[in-house]
Structures are given as C-alpha cells and as structure tokens.
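Colleague: Let us go through this model together. I will ask, you answer briefly.

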Amino acid sequence: MSPREKLGEFALNSVYQIDCLEAMKKIPNRSVDLIITDPPYGDNCNYGRWNKKIANNQHPLINCIALFEFQRILKNNAVVYNFTSWKHYPFLTEFVMRYTCFKIRHMVVCNKKGMKLGYGFRNKHELILVLEKGKGKYFLKNFANVIDFDTITHTKTSHPHKKPEKIIERLVNHSSKEDDIVLDPFLGGGTTAAVCKKLNRNFLGFEIDNHYFSQACKKIAEI
Ligand SMILES: C[S@@+](CC[C@H](N)C(=O)[O-])C[C@H]1O[C@@H](n2cnc3c(N)ncnc32)[C@H](O)[C@@H]1O
C-alpha cells in the first residue's frame with residue numbers, strides 16, 4: 001500500500017467506531033494536514049427538544065486532552081478548526097495559551113440565518129476556534145470572522161450537533177488542497193468525512209457512539 005492509503009494503522013477514507021483519545025495515539029507525528037472537529041462541550045447537559053445526550057459531555061477536559069494529540073499529529077504550518085460553545089471557550093482558550101504550542105488565530109462566529117426565535121436566548125450562533133501550529137494555511141478570499149449560513153433542521157434521530165455542510169466545506173476549502181489528509185476525531189453524524197469525500201480530500205474519522213457512527217457510515221456511503 002502506498003503511504004497515502006494508510007495513516008498509522010488506520011485506512012484512509014475510513015471511519016472507525018472507537019475512542020479517539022486512544023486511536024489518536026496510533027497516528028504518527030506530523031502526519032495530518034487539517035483537523036476539523038466538534039468535541040463534546042463538557043457542559044453536562046442534554047440537547048434540543050428530544051433531550052439528546054452526547055457521549056463524554058460530562059467530561060469538561062475532553063477537548064483539552066484531545067488538543068495534546070492534535071498538536072503532535074498535525075503537520076507544521078497547519079490549522080485546527082475546533083467548534084466550541086460560549087460557555088466553554090474562555091476555559092479552552094486559556095488552556096490553549098498556557099499548555100499547547102498552538103497560536104489562537106481567531107474565533108469565527110457562524111450566524112444561523114432564518115432561525116425561529118421561539119423562546120428567550122435561543123442559540124443563534126456556532127463558534128469555531130481557529131488554532132495554528134506554525135503558520136496557518138488559508139486559500140480562500142473574503143473569509144470574515146462572522147459567516148452566515150442556513151439553519152438546518154433536526155429530527156428525533158439526527159445528531160443534536162450536526163453541523164451544516166456548507167460551513168465545513170468552507171473550512172476544508174480554506175485550509176486544505178485535494179488529496180490532503182483531514183481528521184475529525186469527534187465525527188458525530190459524519191459531516192466532515194462526507195464533505196471531504198465530496199471535495200476529494202483524504203479523510204479519517206472516529207466516533208464512539210454506535211448510533212452516530214452508523215449515521216456517519218450511511219452519510220459517507222451516499223456521497
Ligand atoms: C458535538 S458532536 C459532533 C457532531 C458533528 N459535528 C456532526 O456534524 O455530526 C461530538 C461527538 O463526539 C463523540 N465522542 C465523544 N467522546 C468521544 C471519544 N472519546 N472518541 C470519539 N468520539 C467521541 C460523541 O458521541 C459525539 O457524537
């Protein structure tokens with residue numbers, strides 16, 4: 001097999017039902033071109049009108065622990081797009097500055113267009129922390145730190161933190177080229193992997209939850 005078909009012991013363009021904190025230990029140093037991920041926010045709550053749970057969401061340090069592996073496995077001069085929440089980000093940014101080699105480049109706010117405002121303080125934005133190892137690579141023009149996107153609808157079975165493909169597409173196009181390797185270690189319903197397949201990037205994804213792992217496999221197969 002050529003080196004492009006494997007990453008450590010993992011086949012590229014595959015997703016695994018596995019604990020990513022263990023799995024990432026098996027990925028070689030400086031081998032990943034881009035990380036796009038949406039870890040549990042550690043706020044120990046359930047989400048949406050169906051009160052859905054997310055594995056490890058009771059664990060406030062899970063994102064921080066993952067960052068140690070991100071900094072090891074990411075190539076130099078590359079970027080991590082780390083979704084987070086307004087409650088968690090002050091702690092996360094403090095942790096990044098004190099304990100990692102990453103430079104915080106920015107916080108991108110994704111504004112959900114067309115959202116119905118049924119009750120007080122509905123969450124109308126997503127936050128993405130942009131972290132650079134060395135000098136970040138950016139290919140798109142006109143990329144501001146507030147981006148608009150259409151709200152997506154959730155069903156009883158969909159992932160409560162499913163991200164819009166349009167946002168992930170922009171991130172993939174902004175910081176990677178065709179054939180680059182993109183990792184999403186907290187894959188959820190498979191958005192990052194599916195977008196990468198569509199855009200001819202090599203992807204690798206990890207997801208611990210059986211239900212969301214199955215959704216991810218289905219989504220990728222449909223591309
Ligand atoms: C916020 S969600 C990601 C949603 C994703 N952005 C999407 O579009 O569907 C975080 C995911 O991480 C998974 N997870 C939690 N702990 C994990 C771990 N240790 N290893 C792998 N996945 C984990 C959860 O099951 C959950 O699906």
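Colleague: How do the residues of the shell around the ligand divide into nonpolar, polar and charged?
Modeller: Ala, Val, Leu, Ile, Met, Phe, Trp, Tyr, Cys and Pro count as nonpolar, Asp, Glu, Lys and Arg as charged, and the others, Gly among them, as polar. On that scheme the shell holds 12 nonpolar, six polar and six charged residues.

Colleague: What should I know about the source before going on?
Modeller: This is a predicted model, with residues numbered from 1 along each chain as its sequence is written. Local features need pLDDT of at least 70, side-chain atom pairs count only at pLDDT 80 or more, totals for chains, interfaces and linings use all residues, and side-chain values use heavy atoms, with hydrogens and water left out.

Colleague: Which residues come nearest to the ligand?
Modeller: A residue is near a molecule if one of its heavy atoms lies within 4 Å of it. There are 24 residues around the ligand. Those that come nearest are Cys20, His159, Gly189, Thr191 and Glu207.

Colleague: How much of the ligand's area does the protein bury?
Modeller: Accessible areas come from the Shrake-Rupley method with a 1.4 Å probe; for residues, only the protein chains shown count as cover. Taken alone, the ligand exposes 610 Å². The protein buries 99% of that.

Colleague: Where does the ligand sit?
Modeller: A cavity is a set of points, on a 1 Å grid over the protein atoms alone, where a 1.4 Å probe fits but cannot get out. A molecule sits in one if more than half of its atoms lie within 2 Å of its grid points. Here the ligand sits in the largest cavity.

Colleague: Why does Leu183 count as buried?
Modeller: Strands (E, at least two residues) and helices (H or I, at least four) are DSSP runs, numbered from the N terminus. Leu183 is in strand β9, residues 181-184. Buried means under 20% relative accessible area, exposed over 50%, partly exposed in between (1.4 Å probe, protein chains only). Leu183 counts as buried because its relative accessibility is 0%.

Colleague: How far apart in space are the C-alpha atoms of Leu183 and Asp33?
Modeller: In sequence, 150 residues separate Leu183 and Asp33. Their C-alpha distance is 8.1 Å.

Colleague: Which side chain does Asn82 contact?
Modeller: Asn82 lies in strand β5, residues 74-84. At 0% relative accessibility, Asn82 is buried. Its side chain makes a polar contact, at 3.0 Å, with the side chain of Asn63.

Colleague: Is Asn77 buried, exposed or partly exposed, and what is the value?
Modeller: Asn77 is in strand β5. Its phi is positive, about 60°, although Asn77 is not a glycine. Asn77 is partly exposed, with a relative accessible area of 37%.

Colleague: What is the relative accessibility of Ser175?
Modeller: Ser175 is in helix α4, residues 165-175. Ser175 counts as buried, at 4%.

Note on methods: 1 Å grid on protein atoms, 1.4 Å probe; cavity = no way out; pocket = protein on both sides within 12 Å on 5 of 7 lines; lining within 4 Å. Polar contact = N/O pair within 3.5 Å; in protein donor to acceptor, adjacent residues only side chain to side chain.
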